[in-house]
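Reader: I would like to learn how to read a structure like this one. Please take me through a few features.

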There are 2 protein chains.
Amino acid sequence: MSRHWILAAAVLAFSLAAPAPEAQAQNDLAQALRIIQGKRFVDLTHAFGPDTPVWSGFGQAKFTPAYDPKDKRAYTLKDDGFRTTYYDMVGQYGTHVDPPAHFAEGGITMDEIPLKQMILPLIVLDNTPYQQKDENHAFSVADLKAWEQKHGRIPRGAFVALRTDMSKDFDKNPEHFKRAPFRAWAFETIKFLYEQRGVIATGHESLDTDTTDKMESETYLLQKGHYQIEVMTNLDKVPPKGAVIVVTWPKVKKGLGFPARAFAILP
Amino acid sequence: MSRHWILAAAVLAFSLAAPAPEAQAQNDLAQALRIIQGKRFVDLTHAFGPDTPVWSGFGQAKFTPAYDPKDKRAYTLKDDGFRTTYYDMVGQYGTHVDPPAHFAEGGITMDEIPLKQMILPLIVLDNTPYQQKDENHAFSVADLKAWEQKHGRIPRGAFVALRTDMSKDFDKNPEHFKRAPFRAWAFETIKFLYEQRGVIATGHESLDTDTTDKMESETYLLQKGHYQIEVMTNLDKVPPKGAVIVVTWPKVKKGLGFPARAFAILP
């Protein structure tokens with residue numbers, strides 16, 4: 001049988017089996033959902049409480065049992081059928097989002113970041129091999145190029161996270177978690193990712209983007225109109241590429257930062 | 001050409017064109033992402049601020065410019081390079097999640113709800129036609145069955161939201177938004193959805209699940225181990241079926257409720 005026959009038969013068989021284009025367009029989202037529901041999810045978010053490590057310039061959160069403003073009596077399951085909590089905290093608490101307006105006068109606030117930036121291809125860069133020589137190594141452009149040699153070019157529109165394993169101290173050793181310098185990004189790498197690779201957002205495990213308190217990388221990326229996620233976890237459980245990140249936050253009106261939720265869908 | 005030949009040729013053509021099963025498994029998530037990124041997203045979340053309507057038994061949120069705990073001086077872009085906010089608020093503020101533990105002694109808290117319950121098929125039931133006769137109509141089992149006659153059976157594992165258009169008062173007329181009775185669910189409908197249709201979670205536009213303050217439906221569903229989303233918006237912009245909801249919340253340790261983010265991906 002000639003190749004032409006094979007092709008013709010294949011087209012015919014496909015056209016007999018495939019639904020009409022309209023129905024197909026309606027069903028492709030259902031198919032995408034089925035694919036996603038069959039995958040493993042990894043939480044990239046720390047659970048936070050009043051004892052969670054926080055940047056030294058902010059205070060600890062306070063959690064108080066919610067009470068009736070009229071008589072200050074706390075609600076209880078026994079007397080009221082419900083219970084809940086009053087929170088007193090800085091926005092930059094636990095795993096959180098920093099929107100451009102956190103560092104930029106005219107930058108967009110949390111409620112203005114497009115929903116389409118909340119589901120993205122996830123790239124994980126691994127700083128841990130370099131930390132064996134220098135435990136405060138800042139991930140460099142050379143490190144990034146070595147990564148690309150192995151895994152291919154970082155795709156436009158990605159979310160790029162930096163694994164440093166600092167997250168392992170968050171619950172076990174909160175004082176050590178807050179130590180400076182941070183294991184974090186080199187300024188040139190952040191600049192390269194946004195300017196040369198067109199990434200949408202970045203994230204890391206530490207309380208700051210930069211290894212020092214110069215805040216150079218954070219200022220740069222927020223002033224360029226990008227958001228970042230700080231204090232991420234479980235990046236050691238996600239492959240270098242191929243995963244998808246879902247990353248969202250409550251819609252605080254004119255919000256300058258707030259706890260976020262990030263998780264990975266594994267390939 | 002016989003049907004056997006067509007089939008054989010199709011299988012051959014497909015096997016020549018298709019990638020190996022492994023590569024295919026790795027690529028199907030990328031395909032799902034491409035489908036999703038091509039769709040329209042609709043935010044189902046209100047932006048919240050200090051003036052946002054809240055249940056009468058809780059107080060308004062307070063937003064304060066964040067300051068250095070050492071000298072109480074507020075951080076400014078000019079002097080510090082950044083600015084942010086201290087929040088003082090009840091968890092059940094704005095569009096929010098109620099986890100089982102909000103009403104149930106042994107119920108799971110916000111941080112324990114599985115990630116897999118955060119991306120679900122979205123069904124939207126429309127109460128507004130019934131409100132033309134009775135503006136406080138509670139969506140009944142008969143209404144639900146009429147919906148199923150038209151759109152088919154509600155699928156197991158869905159998130160079911162109730163459209164009432166109350167959300168339109170949230171910003172424009174906050175006092176009216178808080179009026180009782182709420183436009184909401186009939187208890188029998190909530191029971192039917194969870195027991196007969198196996199849905200995972202429900203949501204609505206009002207501050208409460210029930211039309212009255214008996215809290216019957218809310219108590220039932222939270223004690224059954226389900227979560228709910230309150231104070232949703234834009235349900236008038238989502239079709240009755242075929243959309244997907246992405247619904248997440250920050251990971252408050254032992255959290256009893258907190259602002260959430262919900263959005264729909266349209267088919």
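Reader: Which residue just after α9(B) takes a positive phi?

Author: B:Gly225 does, with a phi of about 95°. This is a predicted model, in which local features need pLDDT of at least 70 and side-chain atom pairs count only at pLDDT 80 or more, while totals for chains, interfaces and linings use all residues. Residues are numbered from 1 along each chain as its sequence is written, and chains are lettered from A and ligands numbered from 1 in the order in which they are written.

Reader: What does α9 of chain B mean, and which of its residues are buried?

Author: Helices (H or I, at least four residues) and strands (E, at least two) are DSSP runs, numbered from the N terminus. A residue is buried if 20 or more other C-beta atoms, placed from the backbone, lie within 10 Å of its own. In α9 of chain B, residues 216–223, the buried ones are B:Ser217, B:Glu218, B:Leu221 and B:Leu222. They lie on the same side of α9(B), because they cover an arc of only 115° around the axis, taken from the directions from the helix axis to the C-beta atoms.

Reader: In what order do the strands of the open sheet run?

Author: Strands of a sheet pair through backbone hydrogen bonds, either parallel or antiparallel. Two strands pair if DSSP finds at least two bridges between them. Here the order of the 4 strands is β2(A)-β3(A)-β3(B)-β2(B), with antiparallel pairing. β2 (62–65) of chain A and β2 (62–65) of chain B stand at the edges with a single partner strand each, so one side of each has no neighbour in the sheet.

Reader: Which residue stands opposite A:Phe63?

Author: A:Tyr87 in β3(A). β2(A) and β3(A), residues 85–90, pair over 4 bridges.

Technical notes: A residue is buried if 20 or more other C-beta atoms lie within 10 Å of its own, exposed if 12 or fewer, and partly exposed in between; C-beta atoms are placed from the backbone.
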